[in-house]
Amino acid sequence: MKLQNLIVIFLLIIIPILLVSGYYISLQIKTMTLQNQYNIKLSDATKEAIEAFEINTVEWNNEYSNIADSKRRDIEASINTFTTSLANNLKISGSRKQAIMSYVPSIAYTLYDGYYIYSPTEIAKLSLDERGVADLQDGKVRYISKNGGTTDNRENAVTTYEHILKPFVEYTEILEGTDIIINYTLDNYIKIYGTIDGEYQVKEGYVTSINQSVNSENLSENIGYKNLTNSPTDPPTYNYYIKNYNYVYDTIGEKVYYDNINETDGDKIGWFILNNQQKSYLSKTGDATKWKKAADGNLQNLNGSNINADLFDYSAINYYIEANNFTRWVNSKLGSDFDFLEINEENNPEDKNSKFYKHKTEVIKKSISEGLNQAISSYSAKSTYNYKMPVLKEEDWEQVLNNVSIITFLQGLPIGTKYYNNYAIATSTRNKEYVNPNEIYFIKENDDNDDYYHKSCNCNISGYTGYNNIDFIIKNIGENYYYPHNQLACYDCIINSNNNIDKIKVEYLTALARERYAFSH
Amino acid sequence: MGETTITIIAIFLASILMFVFPLMAVSNQHDEVVQLAVQTETAEFVDKIATKGKVTQTDYDVFLEKILATGNTYDVELEVQILDENPGKKTITTSPNLIGENVRYSEYTTTILNAIKDNPNKEYSLKKGDYIIVSVKNTNITIAQMLRDFAYKIVGKDVSQVNATYSSMVINNGQ
């Protein structure tokens with residue numbers, strides 16, 4: 001045959017093959033692009049959920065977020081933000097938002113002393129009467145039966161899958177061979193229950209191998225408050241003020257301020273607390289008195305207008321006394337039987353390489369993995385797509401154990417040749433759940449030479465006072481904004497930040513001890 | 001007879017190979033680059049709004065200029081979901097506002113652009129917790145689309161070649 005004929009026949013055969021394989025490859029490329037896009041959208045939505053959690057608990061609702069009920073509400077609001085954000089990113093809006101939740105097999109919130117899991121659970125449909133209340137017969141609820149009508153046997157009831165927030169689970173373990181239960185937390189606080197020396201005991205506290213001698217401190221910050229104006233109007237009008245006051249922590253970890261000036265209308269001299277941005281002065285009698293623990297362990301009454309008011313805060317000293325006592329007790333009762341509970345220089349609970357820390361991370365990882373596995377597999381058993389729990393990497397676990405985190409999973413979305421299956425983790429850096437030992441900033445009060453706050457760096461900061469980083473967040477009062485501390489960040493400290501605390505050991509340990517003591521009470 | 005047929009087929013194949021396929025490949029590539037550029041621009045615009053807390057006329061104009069520079073005409077849709085009342089407020093002693101509990105109402109492109117025009121500073125302020133969603137679709141027919149239509153018809157609503165969406169929660173109150 002002639003060459004041209006052969007060429008033409010060759011081309012006629014090859015071109016369709018090339019077209020088909022080109023199409024297949026472009027499909028693979030589209031799958032990878034879409035997967036990448038979903039990864040980005042999932043991680044964006046997760047980050048917004050944790051941002052909403054931070055804004056809700058730290059900036060807006062300072063006073064209420066430690067109440068247990070409020071915490072569930074904060075978590076549900078944060079999960080709602082995640083759903084909205086994911087739906088917005090995927091351009092689904094309105095009532096179809098809930099459709100995206102069927103692709104989320106579970107969301108885990110790891111907090112300071114335990115975790116919440118939000119996942120679909122089988123719920124039997126209750127039969128309701130005409131008022132919308134559950135129909136009771138002979139004192140038992142009735143369910144809608146699979147065969148029509150109602151039944152009081154839960155096995156025959158019609159069930160639906162709804163996402164609910166499961167109850168709080170703590171990071172616990174039972175010590176082998178005993179009935180002693182230990183609850184762990186993200187730092188070195190533990191709670192022990194069980195039969196020790198023949199009687200049932202419950203004890204909790206910080207374990208530490210550091211015995212640092214610390215001093216009392218003088219703390220102060222700017223606060224904004226409002227006073228009612230004298231003219232009666234409806235709605236009431238206020239005058240707003242921003243001033244600097246000294247404070248101490250009382251026995252339940254609340255800041256109690258001392259007013260020694262009495263400058264503006266409505267001010268008095270004495271101790272007060274901030275209640276809904278208004279000053280609430282403590283009186284000498286009744287339950288409005290508050291107490292703080294002095295260095296010798298005795299309780300000092302903060303009341304009325306002590307002219308010789310003791311403005312020093314002794315929380316750091318109390319922390320070391322109580323922590324060392326508790327550690328000695330743990331060592332004597334349990335240290336001999338369980339080597340990770342024998343706390344000493346080599347087994348420092350705050351050191352990431354110690355036996356205690358490694359054991360604690362194993363317990364926490366196991367607890368969270370089991371909870372998630374159980375939630376995901378029980379949902380997978382009843383649905384068409386086979387949901388599987390992805391394996392989290394080591395770096396992911398380190399991030400989760402660093403602070404309050406949210407782990408979200410997204411599975412089952414069809415993308416090209418396969419189904420999407422991935423997870424995202426976002427960690428909060430500013431929240432009231434946990435005192436982060438890496439985020440303590442040091443300032444010198446009333447020093448005109450240094451307007452900066454420092455972390456651990458090469459600046460000379462001996463004699464400075466350390467505060468938690470959430471005390472540097474902007475706050476608002478009326479229509480004005482203020483900062484509790486007026487200092488700005490020191491450039492060297494942010495750029496060359498290392499966690500080397502050798503130069504500022506005493507200041508750092510004092511600040512950390514005081515914040516932890518106030519937090520745990 | 002046979003020879004002429006083969007020659008015709010050969011010329012036909014040659015023309016397709018030398019002109020049509022490269023053109024299709026290059027214009028597809030161009031569309032992908034344009035898609036990436038528009039996606040990046042949209043993300044930047046939304047981030048600017050989220051950190052500033054307001055939609056300004058200047059930002060919007062700069063954004064339009066940049067995406068129109070790619071050579072296509074676009075249809076830009078803005079949506080703002082504004083945080084409103086909290087119907088789920090449980091008691092007086094607990095927190096009143098929670099992002100995630102308060103309901104939201106949406107405002108769309110025309111309303112926002114009219115509000116910007118009427119405002120003396122030419123801006124539309126948002127507050128912390130609102131959502132801003134921007135989506136861009138192209139309205140002209142690109143070369144790649146024309147060539148593909150010639151070969152086979154795509155039926156369905158996804159006839160735009162370049163799509164970009166981005167959304168974010170506003171993190172600063174606009175003054």
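Predicted model: local features only at pLDDT ≥ 70, side-chain atom pairs only at ≥ 80, totals over all residues.
Student: Let's start with chain B. What makes up chain B in terms of helices and strands?

Tutor: Chain B has four helices and six strands. Going from the N terminus, the elements come in the order α-β-α-β-β-α-β-β-α-β.

Student: Which strands form the open sheet in chain B, and in what order?

Tutor: The order is S3-S2-S5-S6, four strands of chain B with antiparallel pairing. From one strand to the next, the twist averages 15°.

Student: What makes S3 and S6 of chain B the edge strands?

Tutor: Each of them pairs on one side only, and that goes for strand S3 (104-108) as well as strand S6 (163-169) of chain B.

Student: How do you know that S2 and S5 of chain B are paired?

Tutor: Count the bridges. Two strands pair if there are at least two bridges between them. Strand S2 (residues 74-83) and strand S5 (residues 131-138) of chain B share eight bridges, in the antiparallel sense. For examples, Glu77(B) has Ser135(B) in S5(B) as its bridge partner, and Glu79(B) has Ile133(B).

Student: And what joins S5(B) to S6(B)?

Tutor: Seven bridges, with the two strands running antiparallel. One spot to look at is Val136(B), which stands opposite Ala164(B) in S6(B). As for what holds such pairs together, strands of a sheet pair through backbone hydrogen bonds.

Student: Why is S5(B) called largely enclosed?

Tutor: Buried means under 20% relative accessible area. Seven of the eight residues of S5(B) are buried, so the strand is largely enclosed by the rest of the structure. For chain B as a whole, 39% of the 175 residues count as buried.

Student: Which helices lie across strands of that sheet?

Tutor: Helix H1 (residues 3-60) of chain A lies across S2, S5 and S6 of chain B, at about 20° to S6(B). Helix H2 (residues 57-68) of chain B lies across S2 and S5 of chain B, running at about 145° to S2(B).

Student: What about Lys117(B): buried or exposed?

Tutor: Exposed means over 50%, and Lys117(B) has a relative accessible area of 56%, so it is exposed. You'll find Lys117(B) in helix H3 (residues 109-118) of chain B. Its C-alpha atom is 61 Å from that of Ile9(B), 108 residues away along the chain.

Student: What makes the phi of Lys122(B) worth a look?

Tutor: Most residues other than glycine have a negative phi. Lys122(B) isn't a glycine, yet its phi is positive, about 60°. In chain A, Asp197(A) has a positive phi of about 55° and isn't a glycine either. Asp197(A) lies in the loop between strand S10 (189-196) and strand S11 (199-206) of chain A. At 59% relative accessible area, Asp197(A) is exposed.

Student: How do you know that strand S2 and strand S8 of chain A pair?

Tutor: The requirement is at least two bridges. Strand S2 (residues 114-124) and strand S8 (residues 169-174) of chain A are joined by two bridges and run antiparallel, so by that rule they pair. In S8(A), Val169(A) is the bridge partner of Tyr115(A).

Student: What does S8(A) form with S9(A)?

Tutor: A hairpin, with six residues between the strands. S8(A) and strand S9 (residues 181-184) pair over four bridges in the antiparallel sense, and Ile174(A) stands opposite Ile181(A) in S9(A). In the turn, Gly177(A) has a positive phi of about 80°.

Key:
Residues numbered from 1 in each chain as written. Chains lettered and ligands numbered in written order. Heavy atoms only, no water. Axes fitted to C-alpha atoms, helices over the stretch in contact; angles between N-to-C directions. Contact = heavy atoms within 4.5 Å. Buried < 20%, exposed > 50% of the residue type's maximum accessible area, 1.4 Å probe, protein only.
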